Amino acid sequence: DTPDKTNVSLSAYHGIALGGKVLDPEEYSLALASRIFGGGPGSRLWTRLREADGLSYSAGAGYWASRYEANGGVSMSAQVAPQNVSAAEKALHEELARSLSEGFSAAEVEKFKKEIIADRLRGRSGDGWAFGFMSNQMEFNDSADVYEKGDALYASLTVDQVNAVWRKYVKPEQLVWGVFGDLAKIK
């Protein structure tokens, strides 16, 4: 209960045993799938909760993994008005179930692959990227072409790979859900 909060945050998370490898096709597939599912404008969660149903101010999903070990996680969230909590929760569950049963389309996979690669290329122009690259070379012995290899790996992913990895690692029954807001206002 957070009575000082105007809006309500819906969040869900569960850990997964993935990570600790460089250029792992499963990690790249899961990163792509989570972007299709909830990676901002054009993603399934954004389109459903924000654009189609008008329930949320924001909606998203994410994936992360450790570089040190097989330890990662998947998450999803939405920021909603208190009167939209029930409908937004229902929509989150429905979109997750739909993504697992129907999978992602070839068109979605191609669109978001291009977006990720473009973001990666754009990101390599800044000083922060250069610092991160040097740090990873020192800590993990990354090769000079690891980012280009990552781009190629994203480009090579198939719709079958992406759907298989999404279904392998995303388990609705393992999600821990949280609702954070003024509970007196939630309907």
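Two strands pair if DSSP finds at least two bridges between them. Keep that in mind for this predicted model.

Q: What makes β2 and strand β3 (residues 72–80) a pair?
A: Pairing takes at least two bridges, and nine bridges join β2 to β3, which run antiparallel. One of the links is between Ala61 and its bridge partner in β3, Met76.

Q: Why is one side of β2 (56–65) and of β4 (176–180) left without a neighbour in the sheet?
A: The open sheet has four strands in the order β2-β3-β1-β4, with antiparallel pairing. β2 and β4 stand at the edges, so each has just a single partner strand. From one strand to the next, the twist averages 10 degrees.

Q: Which strands does α1 touch as it packs on the sheet?
A: Helix α1 touches β1 (8–16), β2 and β3, and its direction makes about 175 degrees with that of β2.

Q: Why is α1 called roughly perpendicular to α6?
A: The axes of α1 (residues 25–38) and α6 (residues 146–156) come within 10 Å and cross at roughly 65 degrees. Angles of 65 to 115 degrees count as roughly perpendicular, so that's the label for α1 and α6. Their crossing is right-handed.

Q: What residues meet where α1 contacts α6?
A: From α1 come Pro25, Tyr28, Ala31 and Leu32, and from α6 come Gly150, Leu153 and Tyr154. Six of these contact residues are nonpolar, one is polar and none is charged.

Q: Why does Ala107 count as exposed?
A: Exposed means over 50% relative accessible area; Ala107, found in helix α4 (residues 106–123), has 57%, so Ala107 counts as exposed.

Technical notes. Residues are numbered from 1 along each chain as its sequence is written. This is a predicted model: local features need pLDDT of at least 70, side-chain atom pairs count only at pLDDT 80 or more; totals for chains, interfaces and linings use all residues. Side-chain values use heavy atoms; hydrogens and water are left out. Axes are lines fitted to C-alpha atoms, for helices over the stretch in contact, and angles run from 0 to 180 degrees between N-to-C directions. Helices (H or I, at least four residues) and strands (E, at least two) are DSSP runs, numbered from the N terminus. Angles under 35 degrees count as roughly parallel, over 145 as roughly antiparallel, 65 to 115 as roughly perpendicular and the rest as oblique. A crossing is left-handed if the near helix is turned anticlockwise from the far one by less than a right angle, and right-handed if clockwise. Contact means heavy atoms within 4.5 Å. Ala, Val, Leu, Ile, Met, Phe, Trp, Tyr, Cys and Pro count as nonpolar, Asp, Glu, Lys and Arg as charged, and the others, Gly among them, as polar. Buried means under 20% relative accessible area, exposed over 50%, partly exposed in between (1.4 Å probe, protein chains only).
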